[in-house]
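Hello,

Here is the structure we talked about handing over. Please open it first; my notes follow below.

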Amino acid sequence: MAPSGVGRPCPLLRATNLSHTLPGASAPLYTGVSLSVAAGEVLFLAGASGSGKSTLLRALSGAEPLPVGAGVTLHPTPLAGERSPAPRRGAGGALPPSPPDRPVHLHALGASGTSLPQWRARVVHVPQSRVSLPGTPSGLLARVMAFAAQTPRQDAAAAAAAAAGVAAAVGLPPGMLDQEWSSLSGGEAARAALAVCLATRPEVLLLDEVTASVDPVGTRRVERAVAAAAAAGAAVVWVSHDEAQPARVGGRLLRFPPPAGGVADRGGETPTEVVGGESDALDADADDVGDVHGAPLDWAAPPIGNVAVGGNGVGGTSPQLGAPTGGGGRWLGPLRRWAAAAAAAVGVPATGAAGVPTLERLAPVIAAAVAGGTAVPKTAAPVAAAAATVATGGDEAVAAVTGPVTVSLGAVVATAATIVGVAAASMWMHLQLETKVLTASARCAMQLFVLGFVLVPIFTSGSTVVLLAYLALMVVVASAEATRRTKYTTPNLFGLVLCSIAVAAAVISAFGLGIILRTGMVAQYVIPIVGMLLGNSLSAVSVSLSHLLTQFAEHPEPVTTYLALGADCWEAARDEVRSAMTLGLTPILNTMSVTGIVSIPGLMTGQLLSGTSPAQATRYQTIILFLICGTSCVAVLSTVLASAGGLFDADHRLLSHRLTRRPPSALSTFLVDLGRDAVRHVTGRGRRGGAGSDGVPNGDALAPARPAGYGATG
């Protein structure tokens, strides 16, 4: 227990019954530790590396949760034999604020009388590791003083002046606080970090080997600066391996024995494509087909071009006049016969040079007939209006075009030569992407061929239930693919991504399909558009999520530094959240920036190849790109915020243990080996580490060793 005596001042910080057990350890790192430190006092923690000194400092700062029964109190109530502390005097920029009227506590359930960020603003931890932050020390101080927990404590200008004073006191030349952290040496960075921390005027200063990288002269200056802060009323707990430091600075010494064992105190104490279509009104007249003379439709009529009418539910048609594809094919048969008869009656040639009826030649006849009041078949009226628009040179005029190019299965297979070339280039440059290239290409081809068969019954069934089921499957697969691409994972990551993508796709597609395009729940439109939204949001989410989790797992130092200086979880993770969202949204923004100049997107390309009006195709493409951008933004925003929030507890502690590296699956490992062997066989390269026919080792034998779990896709 803490020693006490008559007349001894009440300690500024009192900790009782602290203990900590490392994950997987059978025995605690330390147990039953109790200590106290008064204002103006320096308590040194010494002992072997790994004995728990740094962990104890993290517990005092609130970075480590306390076990049940343990507690840390700032400004505790005086015990018997203790007197209230005298008012503290100022000493330069290191003056702490006056003590509050009531004690504040840390315990197993969090903090009482304060929030944990406010606790850390008053109990500041200076970690042992070098500060790895962007910007400068003065920039760090400015950001820290903007934290909600720091703002009421002092003015930012006063803090900057205090930092300059401390920097000079520890031997830093003028202007060094305005230099980039990366340009500072280890000793300079350590002293700059100390200057920033002292400038925040902490009540308790927790120092973890702050002079380990500082030269002897700089060490003496640091010791004098810390002693001045203590003289101004701060309490200091200092981990040090310099046996002579306690004697030079003055104070008590708490010595930790090697790991596993008790703690003896020499001082007396124990220690996250729409292409148009048919409206319901037009569908009602679907049985009213045939020309004005009652002749049956000729579904194999010669090609005369394609028609696309926007805004009235009529879509593109196939190059065969009257072919029942797109939206207007069923009207072209009667229209062609009626228009040809009208042309013959007035002596106007209705065929082109090849003797084929063309829309351009029929359009004037149709327009004149419509203007003269000639009866037009009811089912041909929409296309007749389109032809009249052609004759008048309107915005949606469509010239006669050739039909789409028929693509054979052999052409698809022949195009795969480019994929083999990409895989070969990967092996040549040791990019280690050949398996991923082949696997992704095989999946792409297989899934698209299957899709062609699956969509037929969905389109023809007209069932909303079947459509919703297929959309749900699309969302689940997209979510699984987005989470599979991340290097690290967290509990419930799939459910989080699933909810984010589902909400984003539902909201934006409802707006686009229900309000803008007004197609309703028609599979022909819903599935292609939702597919484009999901495909792009999947990529955006996977990029942003992968960056966010990797930053937290591999580079947590900036976040922990801000937390130690009084930031809440959002203030600490602001940079990581912003960079993750920026990376996720950059691809779609880049695409939108060059669309129409450098590239023509797939939807517009498909419409143009099918004969849709360029003007109409550009409108569809613009709408789709805007919807994709909105979906990506909603999905990325919700995923990143939820994922980042899930890495902190209610007391703003970073839960690093929730981040785990994604293990390779047995299937992915099998595909990696199979694909690598197939590529080597095709390219004529032997097995890894073997020799070629000329006796020279293969490239893989000279390549750097692949890390464990290489090629795993999760």
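In helix H14, Leu-455, Ile-458 and Phe-459 meet Ala-523, Gln-524 and Ile-527 of helix H17 (contact means heavy atoms within 4.5 Å; helices, H or I, of at least four residues and strands, E, of at least two are DSSP runs, numbered from the N terminus). The residues of this contact divide into 5 nonpolar, 1 polar and no charged (Ala, Val, Leu, Ile, Met, Phe, Trp, Tyr, Cys and Pro count as nonpolar, Asp, Glu, Lys and Arg as charged, the others, Gly among them, as polar).

A word on the source. This is a predicted model, where local features need pLDDT of at least 70, side-chain atom pairs count only at pLDDT 80 or more, and totals for chains, interfaces and linings use all residues. Residues are numbered from 1 along each chain as its sequence is written, and side-chain values use heavy atoms, with hydrogens and water left out.

Next, the aromatic pairs. The whole structure holds 3 of them (rings of Phe, Tyr and Trp, its six-membered ring, pair if their centres lie within 6.5 Å; planes under 30 degrees apart are stacked, over 60 edge-to-face, the rest tilted). Phe-44 and Trp-238 are stacked, because their ring centres are 5.2 Å apart and their planes at 25 degrees. Phe-44 lies in strand S4 and Trp-238 in strand S11 (residues 235-239), so the pair ties together parts 194 residues apart in sequence. Both Phe-44 and Trp-238 are buried (under 20% relative accessible area; exposed is over 50%, partly exposed in between; 1.4 Å probe, protein chains only). Phe-147 and Tyr-562 are edge-to-face, because their ring centres are 6.2 Å apart and their planes at 85 degrees. Phe-147 is buried at 3% relative accessible area, and Tyr-562 is buried at 5%.

Best wishes
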